[in-house]
Amino acid sequence: MAAVNVTKKEVFRDPDRCDIPYYVSEFVEREVGNDYDSLKKLGSLIEKLSENKKQLEEQVLTVSSEVPKRIQNALKNAEDSKKNLNRLLEEETLLSDSISSHLEKAEPWMEDLGVLISQVEEIERHLSYLKWISRIEELSDNIQQYLMTNNVPEAASTLASMAELDIKLQESSCSHLLSFVRSTVKFWHKILKDKLSSDFEEVLTQLRWPFVGPPQSQAFGLTAPANASDVYNNLEMLFCQLLKLQTSDELLTKPKQLPEKYALPPSPPIILPIQIMLNPLQKRFRYHFTGNKPTNVLSKPEWYLTQVLMWIGNHAKFLDDKIQPILDKAGSPVNAGLEFSRALVMLILEKLAADIPFLLYDDTLFCHLVDEVLLFERELYSVHGYLSSFPSCMHILSEESCFQRWLTVEKKFALQKMDSMLSSEAAWVSQYKDISDVDEMKVPDCAETFMTLLLVITDRYKNLPTASRKLQFLGLQKELVDDFRIRLTQVMKEESRDSLGFRYCAILNAVNYIATVLADWADNVFFLQLQQAELEVCAESDAVSQLQLGQLASMESSVFDEMINLLERLKHDMLSRQVYHVFKEVTDAAKLYKKERWLSLPSQAEQAVMSLSSTACPMLLTVRDRLLQLEQQLCHSLFKIFWQMLAEKVDTYIYQEIIMANHFNEGGAAQLQFDMTRNLFPLFSHYCKRPENYFKHIKEACIILNLNIGSALLLKEVLQSASENEAPLQPNQPSATAALNELGVYKLAQQDVEILLNLRAIWPNTSK
């Protein structure tokens with residue numbers, strides 16, 4: 001047992017160096033341990049282990065015998081698969097050879113069959129071709145029969161069906177069939193159109209069409225003679241029949257198009273009956289306004305523009321009352337008045353496109369043409385309801401060479417206007433100076449004229465068809481604003497020696513007015529749309545930073561922000577100059593007041609009535625006179641800024657230079673308070689309800705200086721106590737602050753109050 005124990009200890013100490021495996025020693029330790037009685041179990045334990053060994057050996061023998069069988073089965077399966085694959089390959093070869101042989105034998109049959117199929121397809125195409133021809137000939141025969149029986153409505157309907165067939169065949173490659181259909185449509189269209197046009201023109205003649213005078217002077221038109229109903233019935237019948245020819249007319253007639261450089265919006269052709277109604281007017285227009293006629297003068301565009309407007313106005317009632325019901329009854333979406341106007345406007349566009357090249361380099365004629373065109377457009381849209389989606393004169397003016405010339409001329413005349421308005425004798429006088437209710441802004445004539453000029457320019461370009469053209473005009477407006485600002489700055493510098501003079505104030509009012517109007521315009525829908533367009537252009541070109549793009553997109557900024565900021569800066573500089581000038585006068589006038597003997601003034605009890613210090617009179621008179629002067633010369637908003645800036649500077653000056661620089665007895669403190677509260681503050685009471693709030697330093701200093709002795713001592717004690725018990729960087733303790741607030745002192749710091757208390761000359765002797 002000792003040996004066993006020794007062995008066990010050695011095993012535990014170093015199992016890797018023991019001859020007996022570690023797991024064996026563990027097993028013996030677990031089964032036998034230190035109990036000698038357990039040795040009786042050795043027999044059964046040996047038998048159990050022997051049985052386990054036998055089972056393991058049997059398992060090893062079983063596995064070793066099964067593995068070769070599985071391998072053999074796998075090899076056998078592989079051999080079988082290989083045999084099957086070889087068999088399939090042989091079958092595939094046989095089948096391929098069989099198919100190739102069959103194809104060789106069937107090839108002649110396929111060739112013969114292909115020829116037959118091609119012949120069948122050809123016959124089917126011929127048959128289809130013949131069917132189309134038959135259908136077209138059938139329709140043609142029907143039209144002929146209808147015309148022979150004078151059934152024009154059915155003939156027109158049949159022609160419309162034939163035109164629809166023509167449209168269906170547009171993608172066909174049968175050029176001869178297409179030519180046949182088109183020639184047939186053209187043949188019958190001409191016959192029907194000539195017949196219906198002739199009859200329609202005859203009816204129009206009976207109606208005294210066209211109306212060359214105003215509606216009240218029209219001989220027939222809207223009046224009702226005996227045979228009026230028959231005439232209007234014929235008008236309706238022929239109009240509807242001509243409408244049926246619209247499809248074929250669009251196929252055969254290509255409308256005259258202006259060059260692509262004018263970028264006209266797509267628009268459908270004018271409907272046929274309206275075209276016929278317009279023929280006499282078009283003839284008149286071309287007769288009078290083309291060639292060598294005396295009415296065709298480049299310097300008189302208003303002649304043909306006015307003539308077209310008169311024609312539109314003269315025929316509007318007839319078109320609305322007589323033609324529009326016919327269109328509505330026929331189910332047509334066309335508006336008769338707009339269709340009539342659109343056709344006449346096309347005449348104007350052709351005329352402008354022909355004339356403008358001869359006017360480009362004559363500023364006077366070109367400018368006159370633009371003015372007349374804009375007047376024409378305004379009346380066309382406002383009076384006659386013309387649609388912005390239709391071609392208009394603005395498309396012609398937007399053509400590159402014409403548009404650039406327009407911009408140049410616009411800028412040239414605007415600069416000339418600016419020169420004249422600034423050199424005028426009344427440039428700096430408000431035209432409403434005698435009307436107080438209207439003259440709140442005190443706007444000089446030059447500024448109002450300039451903003452009117454900008455407004456007129458906006459009205460001139462606001463109907464341009466594209467945003468890019470509008471943005472170019474907006475750029476011109478910005479240039480003009482900046483140019484006008486520079487001119488105002490130059491005049492201001494000339495007047496800077498007299499910064500309180502009338503002209504200087506007028507310039508300041510002008511700057512304020514322009515900035516205010518531009519800020520108002522920034523919220524206008526038209527300029528907001530331009531801002532959106534500018535945002536899109538900038539986003540595409542990466543011309544601005546992401547921050548600026550964000551500001552534009554969020555509407556934090558506007559298209560005029562840059563100009564407004566420059567004007568506001570100029571306004572602030574001019575106001576500061578005025579405040580400085582007045583403040584200098586005030587300080588000069590206050591020199592005697594600064595030297596007042598505040599220590600030796602009699603107390604309030606010693607005076608019968610308190611009166612203003614004689615030395616304060618020059619200072620207060622200066623303040624009063626300048627306030628009255630600038631109130632008359634500056635607009636309300638500017639004057640409000642001025643007096644508030646002045647009040648702040650005066651408050652600081654008196655506090656620092658007079659109050660903090662002197663000592664005060666009881667009479668001096670009372671006199672200072674009287675001068676300030678009863679004389680200085682009331683000068684500003686016309687402009688606000690509580691002027692003392694703009695002189696907080698003075699007001700609170702007077703409170704401290706005029707405290708009765710007891711309150712002053714108590715406050716001084718509180719402040720001293722707070723100073724002794726606090727850190728240097730925390731001067732305001734709640735108790736000290738509360739004490740000051742209770743007295744009405746909010747602005748002054750604790751140290752300032754202590755200084756003011758020390759400026760009081762008389763303190764009771766408290767040492768005992």
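Modeller: Among contacts between residues at least 6 apart in sequence, 75% join residues at least 24 apart. The model is predicted. Its chain has 27 helices and 0 strands.

Colleague: How many of the residues count as buried, and what makes a residue buried?

Modeller: Of the 768 residues, 39% count as buried. The term means under 20% relative accessible area. The accessible surface of the chain comes to about 43800 Å², and 54% of that belongs to carbon and sulfur atoms.

Colleague: Why is Q671 called buried?

Modeller: Q671 has a relative accessible area of 7%, and the cut-off for buried is under 20%, so Q671 is buried. The residue is found in helix α23, residues 666-683. Leaving aside neighbours within four places in sequence, Q671 is in contact with W598, L601, Q607, M610, S611, L612 and S613.

Colleague: Why does K417 count as partly exposed?

Modeller: Buried is under 20% and exposed is over 50%, with partly exposed in between. K417 has 40% relative accessibility, so it counts as partly exposed. K417 is found in helix α13, residues 400-423.

Colleague: Which residues does K417 contact, leaving aside its neighbours within four places in sequence?

Modeller: K417 is in contact with T449 and L453. The C-alpha atoms of K417 and C446 are separated by 9.9 Å, and these two residues are 29 apart along the chain.

Colleague: How do you know that the span of α6 agrees with its number of residues?

Modeller: Helix α6 has 17 residues, and at 1.5 Å a residue they should span 24 Å. The end C-alpha atoms of α6 are 25 Å apart, which agrees.

Colleague: Which residues of α6 are buried, and what covers them?

Modeller: The buried ones are A228, V231, Y232, L235, L238, F239, Q241, L242 and L243. Their cover includes α4, α5, α7, α8 and α9.

Colleague: How is the packing of α5 and α6 described?

Modeller: Two packed helices are described by the angle between their axes and the distance between the axes. For α5 (residues 175-206) and α6 (residues 228-244), the angle is about 145° and the axes are 10 Å apart. The contact is made by L196, S197, D199, F200, V203, L204 and Q206 of α5, together with V231, N234, L235, L238, F239, Q241 and L242 of α6. These residues divide into 9 nonpolar, 4 polar and 1 charged. The crossing of α5 past α6 is left-handed.

Colleague: Where does P210 lie, and what is the peptide bond from W209 to P210?

Modeller: P210 lies in the loop between α5 and α6. The bond from W209 to P210 is cis, with omega near -5°. Most residues other than glycine have a negative phi, and most peptide bonds are trans.

Colleague: What is the phi of N150, and why does N150 count as exposed?

Modeller: N150 has phi near 60°, a positive value in a residue other than glycine. Exposed means over 50%, and N150 is at 55% relative accessibility, so it counts as exposed. Its place is in the loop between α3 and α4.

Colleague: What makes A263 exposed, and where is its place?

Modeller: A263 has 55% relative accessibility and the cut-off is over 50%, so A263 counts as exposed. Its place is in the loop between α7 and α8. A263 has a positive phi of about 50° although it is not a glycine.

How values were computed:
Residues numbered from 1 in each chain as written. Predicted model: local features only at pLDDT ≥ 70, side-chain atom pairs only at ≥ 80, totals over all residues. Heavy atoms only, no water. Axes fitted to C-alpha atoms, helices over the stretch in contact; angles between N-to-C directions. Helix = DSSP H or I, 4+ residues; strand = E, 2+ residues; numbered from the N terminus. Left-handed = near helix turned anticlockwise from the far one by under 90°. Contact = heavy atoms within 4.5 Å. Nonpolar A, V, L, I, M, F, W, Y, C, P; charged D, E, K, R; others polar. Buried < 20%, exposed > 50% of the residue type's maximum accessible area, 1.4 Å probe, protein only. Areas by Shrake-Rupley, 256 points an atom, 1.4 Å probe, with all protein chains shown as cover. Expected span 1.5 Å × (residues − 1).
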